[in-house]
Amino acid sequence: MVAMEINAAKGTRTYQVWPGNNVTLSSYPRGLFLTSVSILISTWIFTIYIANDLQNTNPTLVITISLILTIVVIVNLILVTAIDPGIIPRSTQQSSVEDTDSSNGSRRKKRNYRFYLAFLITALVFFIYIFAFSCWRIHQRMLESGTGLFGMLRNCPETLALTLFSFAAIWFLGGLAIFHSSLTAINQTAYENFRNRYEGSPNPYDKGIISNITEVLFAPLPPYRVDFRAEAMPRWNVEDEMPPLG
């Protein structure tokens, strides 16, 4: 008697059979949603309550620049979430060469890292822009009304709230941007930094600041290695009936 077992039914995708534990912004929809909403609401509050009331400025120009920055940030966010980060497929032939390439001393990096850096920097510029004009508007309002911050909290809470939120975002994004920019300058990954991989020894991938930045930002992207449409191949277990002993 021959027993055959099909471990993957026809039409089952490979990622369903071999789930990974990679966490990206696209795999965390709540984070993606909250990030997008916070950017759009910040733009809306800035446009309606701050930019239109600024004195001695061109409101149209101020609003136009803020909208351009918003579009750039959202586009970079979409690129970060839409492009796979370089997930390694489960393959015995590929896993041994995916992490390092000894022929040229370079590593395979996550494919969306440059877009992540672009998102951090553009979002930082966006919130700095909003924070600067918000502070200016608060200063104008305080001179006009003769009230302090408590008066601003009562008269225009949306402006004060946006200013505080932008200030917090600047510190958060600024810290991330500085951290990842420093890693880019020395050609080191966040995982290597966390593990102190090259503590006490030179980094073999450090080619100098200019070369490191060029490799991260301008080198061709590694090939796309993940096929989400691939179907899992069925595995057959064949058991031959053994004759009785004795």
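Let's start with residues 159-179: this stretch is 100% helix and 0% strand, and its end C-alpha atoms sit 30 Å apart. By helix I mean a DSSP run of H or I with at least four residues, while a strand is a run of E with at least two, and both are numbered from the N terminus. Before I go on, this is a predicted model, where local features need pLDDT of at least 70, side-chain atom pairs count only at pLDDT 80 or more, and totals for chains, interfaces and linings use all residues. Residues are numbered from 1 along each chain as its sequence is written, and side-chain values use heavy atoms, with hydrogens and water left out.

Why pick that stretch? The unreviewed UniProt entry lists residues 31-51, 63-83, 115-139 and 159-179 under "transmembrane region". Those positions are in the numbering used here, feature names are shortened, and such annotations may be inferred rather than shown by experiment. Residues 31-51 are 95% helix and 0% strand, with 28 Å between the end C-alpha atoms.

Okay, zooming out. The protein chain has nine helices and four strands, and from the N terminus the order goes β-α-α-α-α-β-β-α-α-α-α-α-β. Of its 246 residues, 32% are buried; buried means under 20% relative accessible area, exposed is over 50%, and partly exposed is in between (1.4 Å probe, protein chains only).

Now, the inside. The largest nonpolar core has 29 residues. A core here is a set of buried Ala, Val, Leu, Ile, Met, Phe, Trp, Tyr and Cys residues joined through side-chain atoms within 4.5 Å. Which members touch the most others? Those are Phe46, Val62, Phe119 and Phe126. Two or more residues each come from α2 (29-50), α3 (59-82), α5 (113-145) and α7 (157-186), and α5 gives the most, with ten. Take Phe126: leaving out residues up to four places away in sequence, its contacts (heavy atoms within 4.5 Å) include Ile39, Ser42, Leu69 and Val73.

Glu215 counts as buried, at 17% relative accessibility, whereas Lys207 is partly exposed at 42%. In general, side chains of opposite charge can pair when their charged atoms come close.
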